Amino acid sequence: MSTESFYVTTPIYYVNDKPHIGHAYTTMLADMLARSHRLLGHDTWFLTGTDEHGQKVQEAATKRGVEPQAHVDEMVVRFQELWERLEITNDDFIRTTQERHTSVVQEILQDLYDRGEIYQAEYDGLYDVRSETFITEKDLPEGFDADHLPEYVKTIRETNYFFRMGKYRDWLVEYIEENPDFIQPDFRRNETLGFLRKDLSDLCISRPKARLSWGIELPFDAEYVTYVWFDALVNYISSVGYKRNDEEFARRWPCQVHLIGKDILTTHTVYWPTMLKAMGVEMPKTIFAHGWWLSGKDKMSKSTGNVVNPLEYADRFGVDALRYFLIAEMSLGQDSSFTEEVFIKRYNSDLANDLGNLTSRVLKMVHTQCDAKVPQGNLELSEGSEEAALWKVVQTAVEEMTNHVAGMRPDLGVASVMTAVREANKYIGIRAPWKQAKEEDRQPLYDTLYVALETLRVCAALLTPVMPGKMADLRHQIGCGEGDPDVADLRVFAKLIPGAKIPEAEGLFPRAEKPKAPKPEKAKAPESVKTIEEIAIDDFFKAQLKTAEVKKAERVEGADKLLKLQVDVGGESRQIVAGIAKHYSPEDLIGKTVVIVANVKPAEIRGVESRGMLLAASKKKKLTLVTVDGEIPSGSKVG
Ligand code: MSP
């Protein structure tokens with residue numbers, strides 16, 4: 001029995017989020033790797049799951065008026081159902097609210113506390129409510145400082161517990177440098193090393209219950225819960241028996257690859273290794289950070305409404321086509337663009353044209369010319385022949401797929417298989433079996449079809465981890481019988497058994513038509529019923545709206561629409577340039593209290609600096625400034 005083991009993980013997803021293409025991508029990639037290793041006979045384990053604690057879950061549950069546990073129990077199903085629909089073959093699904101996880105986290109904490117790796121101290125600093133992390137002034141976005149904080153950053157002074165992460169800095173740098181495979185791709189390793197060049201502070205691993213109660217209670221202080229990342233990262237070992245089942249743990253750990261997105265690099269390449277080091281646990285072999293799927297050129301975001309829903313594509317084109325696209329399109333490590341146009345283009349060229357056509361051309365001939373049976377072809381490949389040349393390309397695909405899966409470039413592996421498919425189409429064009437069918441000697445025709453079927457056999461096996469459903473159909477259609485392909489057969493010519501029945505089958509990948517552009521609306525909808533794009537409340541709070549009193553106003557020379565205002569914002573004087581000269585004369589404005597967006601980036605308008613933006617209501621040619629009702633000092637918060 002093979003003793004090689006392969007343990008692959010995905011990040012555990014925040015249970016509050018609706019699963020999107022980014023989640024589906026990592027999970028499909030992990031699935032593809034797991035399926036490949038299973039075919040190689042490796043002792044494979046594939047873990048995914050959900051991250052269920054933290055502020056956002058607590059808030060979402062409160063909003064719905066349900067208990068957090070009831071809330072996460074409902075939410076988790078969306079992930080579990082999606083994975084089933086996408087034919088994901090995870091061996092385990094961990095939820096951080098499960099006792100098998102929480103109890104291990106507590107045991108780890110107690111142990112680290114007993115050994116002085118965790119200590120109590122007072123924290124006085126900045127806290128980012130959105131990411132639930134403590135930050136420093138240098139983490140603030142441009143235009144902000146300790147006196148001007150974004151809405152989502154609070155100043156906090158509280159007693160907390162800290163993990164002595166800082167003391168592992170030198171060790172970690174050395175470990176990363178000595179183990180080039182530890183963080184991949186290379187440029188991500190450099191990113192982590194860059195991060196470690198600065199001082200590494202200790203990690204605050206607690207949250208007072210008074211502020212957040214939905215978390216794992218610290219075993220040594222019931223007033224606190226565990227910081228959500230310290231809790232979540234432990235899933236990779238709690239799920240495989242750490243502190244519970246030594247035999248299981250020794251069998252699975254260390255993990256071969258943690259697949260992550262580039263945004264969670266620091267938590268995985270700094271927090272996690274130092275935590276493991278403190279626990280005395282071996283490091284995972286590789287932490288691999290992939291890039292992001294963009295919507296065209298833009299970041300996908302709920303507020304922009306451009307997030308791709310994996311189910312929509314699975315429903316329209318089939319699960320396998322979606323899996324194929326995601327694996328073939330992304331150069332692992334880089335960002336990739338997801339658009340319907342690119343999807344349809346790749347689907348049609350690779351699947352409908354190249355692979356689909358090869359299959360249907362060959363099978364049609366086998367049905368009409370060979371009595372729907374695998375023909376008795378020549379089972380030897382004569383040297384220097386077209387057949388031998390094609391088989392060589394097929395063997396290159398076998399080799400490259402194997403190497404590229406090991407080297408985390410499955411896109412290149414898939415490309416190599418497609419080269420073999422295209423080569424087979426060329427071969428069919430050269431041999432022209434439709435002409436051979438008119439000749440008296442049937443052998444050349446049988447030889448051609450047999451070689452083409454053999455090519456399809458190997459390509460279908462190589463693509464099985466990517467498109468398990470369609471490739472099982474294809475294997476069935478060419479007479480391979482049921483069951484998984486045997487990788488040992490991929491390097492051997494003439495495995496198909498002449499005389500095997502070829503069943504009647506439908507086309508594998510019907511051509512996809514690009515949906516017609518929607519017809520222009522006949523009548524323009526009245527403005528009041530136009531769809532309004534929804535944004536998350538957090539996005540609204542990014543804008544700091546404040547009252548400001550106009551102290552001075554004057555026209556901008558050479559710009560008949562612009563006024564230059566000096567306003568007072570709670571004692572701070574600012575200059576704002578606004579396009580309101582056609583609606584207000586400078587003297588109308590002096591003494592008015594207006595509303596401004598105080599945190600827009602400073603801009604230069606017609607060579608004049610402007611620090612802020614006035615709010616105004618406008619319709620057609622009419623414009624009036626937004627003012628406040630009643631007396632309120634300048635600098636007051638609006639919103
Ligand atoms: N809960 C944490 C992970 C804890 S692991 C111990 C988390 N969850 S998440 O749901 O927000 O994100 C999970 C993964 O989705 C991340 O790896 C992230 O990079 C990935 N993606 C989110 N949007 C993405 C794209 N648009 N494209 C590709 N992956 C992206 O972070």
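This is a predicted model: local features need pLDDT of at least 70, side-chain atom pairs count only at pLDDT 80 or more; totals for chains, interfaces and linings use all residues.

## Ground rules

Residues are numbered from 1 along each chain as its sequence is written, and side-chain values use heavy atoms, with hydrogens and water left out.

## The ligand and its shell

There are 23 residues around the ligand, and Ile12, Asp51, Gly261, Asp263 and Trp293 come nearest. By type, the shell splits into 12 nonpolar, eight polar and three charged residues. Here Ala, Val, Leu, Ile, Met, Phe, Trp, Tyr, Cys and Pro are nonpolar, Asp, Glu, Lys and Arg are charged, and the others, Gly among them, are polar.

For Trp293, a polar backbone atom is 2.9 Å from a ligand nitrogen. His23 uses its side chain instead, with an N or O atom 3.2 Å from an oxygen of the ligand. The cut-off for a polar contact is a pair of N or O atoms within 3.5 Å; inside the protein, one must be able to donate a hydrogen and the other to accept it, and residues adjacent in sequence count only if both atoms are side-chain atoms. On its own the ligand has 670 Å² of accessible area, and the protein covers 95% of that. Those areas come from the Shrake-Rupley method with a 1.4 Å probe, and for residues only the protein chains shown count as cover.

Several elements give two or more residues to the shell: strand 2 (13-14), helix 1 (21-39), helix 7 (228-233), helix 8 (235-238) and strand 13 (257-261). Helix 7 gives the most, with three. Helices (H or I, at least four residues) and strands (E, at least two) are DSSP runs, numbered from the N terminus.

## Strand 13, covered on both faces

Strand 13 has five of its five residues buried, where buried means under 20% relative accessible area, exposed over 50% and partly exposed in between (1.4 Å probe, protein chains only). Val257, Leu259 and Gly261 are on one side, His258 and Ile260 on the other.

What does strand 13 pair with? It runs parallel to strand 1 (residues 5-9), joined by two bridges, and it is also parallel to strand 14 (residues 286-290), this time over five bridges. Two strands count as paired if DSSP finds at least two bridges between them. Strand 13, helix 10 (residues 265-279) and strand 14 together make a right-handed β-α-β unit. Right-handed means that, with the strands pointing away from the viewer, the path from the first strand over the helix to the second runs clockwise.

## A buried threonine

Thr226 belongs to strand 12 (residues 221-226). Its relative accessible area is 2%, so it counts as buried. A polar atom of the Thr226 side chain lies 2.7 Å from the backbone oxygen of Ile216.

Strand 5 (residues 118-128) and strand 7 (residues 153-163) are joined by 11 bridges, and one of the pairs is Ala121 with Asn160.

Another open sheet has three strands in the order 16-15-17, with mixed pairing. Its edges are strand 16 (298-299) and strand 17 (336-338). Strand 15 (residues 293-295) meets strand 16 in the antiparallel sense over two bridges, with Leu294 opposite Lys299.

## Strand 18 and its partners

Strand 18 (residues 545-556) runs antiparallel to strand 21 (residues 593-597), over five bridges, and to strand 27 (residues 637-638), over two. Seven bridges join strand 18 to strand 19 (residues 559-569), also antiparallel. Strands 18 and 19 form a hairpin with two residues between them, and Gly558 in the turn has a positive phi of about 80°.

Technical notes
A residue is near a molecule or strand if one of its heavy atoms lies within 4 Å of it.
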